[in-house]
Amino acid sequence: MKLIIASNNQGKIRELKEILSPLGYEPVSMKEAGIDIDIIEDGETFSENARIKAQAIYEIAKIPVLADDSGLAVDFLDGAPGVYSARYAGENASDKDRMNKILEELEGVDKSLRGAKFVCSLYFIKDDETEICVSGECHGFIGEEPIGDNGFGYDPIFMIEDGVSMACIPAEEKNKISHRARALQSLVEELS
């Protein structure tokens with residue numbers, strides 16, 4: 001089944017394709033589907049933003065759409081950056097800029113207070129009758145410095161255990177434990 005991934009984030013698109021393709025889906029990015037629009041994500045939650053994106057693309061394409069909104073929630077920062085994860089260090093900031101901002105805000109903060117989670121909400125529109133929203137979380141903590149070369153976004157500072165960040169593990173392993181993988185597992189269960 002052809003499916004549009006409502007995202008322009010190449011890391012997310014790659015990850016979703018790796019997880020969805022073996023399940024019999026033919027995921028394509030917005031770009032591959034010939035859709036080039038900016039969607040204003042003004043929801044207050046990850047699920048609201050995912051729904052906004054899915055509906056915008058479904059209205060254009062009228063084929064199944066999967067939208068993801070995800071981000072990092074840090075305990076010490078009262079859940080920030082949250083829905084602002086991509087824009088946390090400014091509109092045109094790099095992944096490195098965003099990581100550095102988090103690390104600066106947590107400088108001197110004890111490990112016990114550095115708990116964090118990645119959150120992913122997926123919104124799937126199959127047709128005019130079927131819409132499904134699911135979420136997944138991956139818990140860890142924010143390290144003292146970036147570690148690892150895999151992944152994207154905040155992966156190098158998101159520690160799943162001492163000395164091991166999300167950027168240290170191979171994609172196959174990440175695709176089993178990540179917030180996105182857990183949300184997709186819930187979606188597959190819903191679709192069954």
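This report describes the sheet, the pocket and cavity, the backbone exceptions and the cysteines of a predicted model.

## Basis of the model

Because the model is predicted, local features need pLDDT of at least 70 and side-chain atom pairs count only at pLDDT 80 or more, while totals for chains, interfaces and linings use all residues. Residues are numbered from 1 along each chain as its sequence is written, and side-chain values use heavy atoms, with hydrogens and water left out.

## The sheet

Seven strands form an open sheet in the order 2-1-3-4-5-6-7, with mixed pairing. Helices (H or I, at least four residues) and strands (E, at least two) are DSSP runs numbered from the N terminus, and two strands pair if DSSP finds at least two bridges between them. Strand 2 (26-29) and strand 7 (164-165) are the edge strands, each pairing on one side only.

Strand 4 (residues 115-125) and strand 5 (residues 131-142) run antiparallel and are joined by eleven bridges. These two strands form a hairpin with five residues between them, and C120 stands opposite G136 in strand 5. Strand 5 also pairs with strand 6 in the antiparallel sense, over two bridges; here I142 has F158 of strand 6 as its bridge partner. Strand 6 (residues 158-161) is in turn joined to strand 7 by two bridges, again antiparallel, with M159 partnered by S165 of strand 7.

## The largest pocket

The largest pocket holds about 930 Å³ of space. A pocket is found on a 1 Å grid over the protein atoms alone, as an open set of points with protein on both sides within 12 Å along at least five of seven lines; a cavity is a set of points where a 1.4 Å probe fits but cannot get out, and lining residues have an atom within 4 Å of a point. Grid points are joined across faces, edges and corners, and a volume is the space filled by probe spheres set on the points.

The lining of the largest pocket comprises 35 residues, and N9, K12, E41, A86 and R87 lie nearest its centre. Two or more lining residues come from each of helix 1 (10-20), helix 2 (46-61), strand 3 (65-74), helix 3 (95-105) and helix 5 (179-191). Strand 3 gives the most, with four residues. By class, this lining has eleven nonpolar, twelve polar and twelve charged residues; Ala, Val, Leu, Ile, Met, Phe, Trp, Tyr, Cys and Pro count as nonpolar, Asp, Glu, Lys and Arg as charged, and the others, Gly among them, as polar.

## The cavity

The structure holds one cavity of 30 Å³ or more, and the largest cavity has about 40 Å³ of space. Its lining consists of L3, L20, Y25, L66, F124, L187, V188 and L191. These residues divide into eight nonpolar, no polar and no charged. Helix 5 supplies the largest share of this lining, three residues.

Most residues other than glycine have a negative phi, and most peptide bonds are trans. K62, in the loop between helix 2 and strand 3, has a positive phi of about 55 degrees although it is not a glycine. K62 is partly exposed, with a relative accessible area of 45%; buried means under 20% relative accessible area, exposed over 50%, and partly exposed in between (1.4 Å probe, protein chains only).

The loop between strand 3 and helix 3 contains D78, whose phi is also positive, near 55 degrees. D78 is exposed, at 76% relative accessible area. P81 is found in the loop between strand 3 and helix 3 as well, and the peptide bond from A80 to P81 is cis, with omega near 0 degrees.

F76 has its place in that loop between strand 3 and helix 3 and is partly exposed at 39% relative accessibility. Leaving aside residues up to four places away in sequence, F76 touches E105, L106, V109 and L113, where contact means heavy atoms within 4.5 Å. The C-alpha atoms of F76 and R114 are separated by 6.1 Å, although the two are 38 residues apart along the chain.

## Cysteines

A disulfide is a pair of cysteine sulfur atoms within 2.5 Å, and by this rule the count comes to zero disulfides. C138 is in no disulfide, and the nearest cysteine sulfur, that of C120, is 11 Å away. C138 is buried, with a relative accessible area of 3%.

The sulfur of C168 is too far for a bond because the closest cysteine sulfur, in C138, is 13 Å away. C168 counts as partly exposed, at 33% relative accessibility.
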